[in-house]
Amino acid sequence: MSIVAEAPGYIQVFSNGSVKRFEPEIVTASVEPCNGYKSKDVVIDPLKPIFGRMYLPDVPESGVHQQFPVLVYFHGGGFCIGSTTWLGYHIFLGDLSVASKSIILSVDYRLAPENKLPIAYEDCYSALGWLIKNLENEPWLKRADLSRVFLSGDSAGGNIVHQVAISAMTSEGFRGRLKGLLPIHPYFGSEKRTELEMANGSAGDVEMNDMFWRLSLPQGTNRDYFGCNFENAELSVDEWSQFPAVIVFVAGLNFLKERGVTYAEFLKERGVKRVELVEAEGEVHVYHVFHPESETTCLLQKQMSDFIHSF
């Protein structure tokens, strides 16, 4: 039995189809206030299964009737790794719930290669249905203002944001509720290489990206699959005009920066009414997960909060 695909320290895929994942430090949720927020794990779908972790800002008695916007977050990891339980995500999202005064639902969708696309899209879209269905049953959602829902995620999660938004636009239950998208260092691709992908010294990054796409794309497809190449989304001019507002975050030293910039330009060309692009100069891919308490991460949380509260 040999290794056929590997991201050292994160995942190994073997010739017999088995998969071994190496988890970084994880943290359990706690309904006791910690650093200004509470957290707890929820079951979105027990059969598939799909799980989530919720974050609620801890507010003084005077603010118990305050309604919070809701941010649904999708973790990154090339569709193959990642979890709501990872320490970096837990700290970042807990602090973001405080900074943005938002209820956050972080989604644990099923991973490739065992569950290839579009399963991650379907799982994450189902999380929106869970919000509507449990509005009366889930105590923390009694504090939620579901007329102000936002989607965010990093890397592959930023890709998922785009796909879930397209599905939500045509949903009766979510029409008018989805206000904005906040993809962070979104992970897109295409058969055509970008300038950076063809540059000297990029071979290692290209090889790793291609490996994750091979593991996650449906059998018989390539990197022009609609989930990889955003230019292949089938939306009408009228639908693009109704697309939610978007703020795209890119990192200056990120190999995927070109893809994020091109995504923002694409949305503008399609007539999306509000598109912003924010660059963290001198930062690497998903720095906010590796350094969730850094000064640059705090700035990112403020920028996200400002966008959310502009509605």
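Modeller: What follows goes from the sheet to the helix and then to the pocket. The model is predicted, so local features need pLDDT of at least 70 and side-chain atom pairs count only at pLDDT 80 or more, while totals for chains, interfaces and linings use all residues. Residues are numbered from 1 along each chain as its sequence is written, and side-chain values use heavy atoms, with hydrogens and water left out.

Three strands form an open sheet in the order 1-2-3, with antiparallel pairing. Strands (E, at least two residues) and helices (H or I, at least four) are DSSP runs numbered from the N terminus, and two strands pair if DSSP finds at least two bridges between them. Strand 1 (3–7) and strand 3 (19–21) are at the edges with a single partner strand each, so one side of each has no neighbour in the sheet. Strand 2 (residues 11–14) pairs with strand 3 over three bridges, and Val13 stands opposite Val19 in strand 3.

Helix 5 (residues 203–216) packs on this sheet and touches strand 1 and strand 2; contact means heavy atoms within 4.5 Å. The direction of helix 5 makes about 120° with that of strand 1, where axes are lines fitted to C-alpha atoms, for helices over the stretch in contact, and angles run from 0 to 180 degrees between N-to-C directions.

Helix 5 also gives the largest pocket the largest share of its lining, four residues. Helix 1 (87–100) and helix 8 (287–290) each supply at least two.
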